[in-house]
Amino acid sequence: MLDAATTAGQLVEDVLSCSLGSLGKRDGKYSIVYDTGDTLPSMVFTPMETDGFSMSRPFINLPQALRVQFRNPDADYQEDEIIVLDDGYSYRGVDARGNPSILPEPERFETMQLQYAQDAIHAWRVGRYHLAQGKFRPESYAWSSDIAGLGTTRGDIVQVSTDVAEWGVGWGRILAISVVGGNAVLTLDQDVVAESGKTYAAQLRRDDGSSVMVSIPALYGVCNIIQLAGVPSGVQIGDVCIIGETSRVSEKMLITAVRYTDGGNRTEFSAVRYDSRVAPYWDNPPSSIISEITGNVYSEVPVPVITGVISDQLHGD
């Protein structure tokens with residue numbers, strides 16, 4: 001229901017924002033960008049095709065609970081409100097997921113208004129998602145890329161290796177591949193510096209953008225010849241190899257914005273760190289949620305009632 005003038009684009013954005021989505025484009029067509037929690041990266045970026053890497057983080061007091069407001073059909077679409085808790089707090093004797101609790105009650109509240117949300121379970125999920133964003137994705141990152149970044153769009157999961165954040169200790173393109181004793185031996189076009197006593201792994205980016213991670217039996221000193229544990233499939237001369245400590249070869253990032261410059265030959269990215277804790281954080285809502293305005297108790301998402309089906313605009317069935 002609209003009671004003020006707006007544009008179609010703004011209306012779509014407002015509706016999608018209440019569903020954890022936003023309007024985007026992929027392959028020249030409009031699409032929906034939705035944070036599904038997918039973990040499969042579509043691209044691996046290295047310092048060989050990126051520059052200007054930066055990171056920023058605001059230092060703020062995050063809210064301990066949200067007053068999430070929505071339009072309630074049971075109250076003639078008037079504004080209703082529920083309390084959405086962060087983990088570690090309770091309200092009226094129950095915790096964030098509705099379990100009995102003696103945890104402290106929140107003191108810092110913020111208000112979130114969802115104009116096009118119409119049920120409490122939906123509002124709870126959106127509120128928890130935004131609490132998770134503040135807890136687990138506080139830093140924002142930015143970098144530029146050459147034509148290697150043209151296939152990456154907003155909403156994609158990528159992997160980034162950079163010496164600025166000490167993700168990876170070396171990288172280079174593969175000049176030669178041989179097999180010795182059942183293990184692949186790579187010759188890179190750049191030297192890698194490794195420390196003794198540490199374990200390393202190689203992340204290999206194939207020509208289609210996919211990647212594979214392979215452990216390295218032993219690596220120390222300065223060298224450009226790397227022996228892998230096994231022979232990875234699909235890797236060929238010219239592919240990119242990233243070397244790093246086993247747990248810090250590269251970092252998963254979620255692309256939040258893409259800008260094209262230099263006539264489309266360069267791409268500027270903004271991103272946040274991917275965190276697997278975000279998706280479960282807004283899942284599994286309480287079995288019941290009490291409205292702060294009407295006092296209604298909600299236990300499940302309302303099921304739409306189909307009153308008719310039209311299969312043709314000229315001849316309705």
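These legends accompany several close-up views of one predicted model.

Residues are numbered from 1 along each chain as its sequence is written, and side-chain values use heavy atoms, with hydrogens and water left out. Because the model is predicted, local features need pLDDT of at least 70 and side-chain atom pairs count only at pLDDT 80 or more, whereas totals for chains, interfaces and linings use all residues.

**View 1. The largest nonpolar core.** This core has 25 residues, and those with the most contacts inside it are Val68, Ile82, Val84 and Leu114. A nonpolar core is a set of buried Ala, Val, Leu, Ile, Met, Phe, Trp, Tyr and Cys residues joined through side-chain atoms within 4.5 Å, where buried means under 20% relative accessible area with a 1.4 Å probe and protein chains only. Two or more residues come from each of β5 (65–72), β6 (78–85), β9 (109–114), α2 (120–136) and α3 (278–281), with helices (H or I, at least four residues) and strands (E, at least two) taken as DSSP runs numbered from the N terminus. The element that gives the most is α2, with nine residues.

**View 2. The surroundings of Val68.** Leaving aside neighbours within four places in sequence, Val68 is in contact with Asp80, Glu81, Ile82, Val84, Met112, Leu114, Ala123 and Gly127, contact meaning heavy atoms within 4.5 Å.

**View 3. Helix α2.** At 1.5 Å a residue, the 17 residues of α2 should span 24 Å, and its end C-alpha atoms are 24 Å apart, which agrees; the expected span is 1.5 Å times one less than the number of residues. Asp119 caps the N-terminal end of α2, with a side-chain oxygen 3.2 Å from the backbone nitrogen of Ile121. The buried residues of the helix include Trp124, Tyr129 and Phe136.

**View 4. An open sheet of six strands.** The strands follow the order β3-β11-β18-β19-β10-β4, and the pairing is mixed; two strands pair if DSSP finds at least two bridges between them. Because β3 (43–45) and β4 (50–56) stand at the edges, each with a single partner strand, one side of each is left without a neighbour in the sheet.

**View 5. Strand β19 and its partners.** Strand β19 (residues 266–273) runs antiparallel to β10 (residues 140–145), to which six bridges join it, and Ser140 stands opposite Val272. Strand β18 (residues 251–261) also pairs with β19 in the antiparallel sense, over eight bridges, and here Met253 stands opposite Arg273. The hairpin of β18 and β19 has four residues between the strands, and in it Asp262 takes a positive phi near 55°.

Key: Buried means under 20% relative accessible area, exposed over 50%, partly exposed in between (1.4 Å probe, protein chains only). A polar contact is a pair of N or O atoms within 3.5 Å; within protein, one must be able to donate a hydrogen and the other to accept it, and residues adjacent in sequence count only if both atoms are side-chain atoms.
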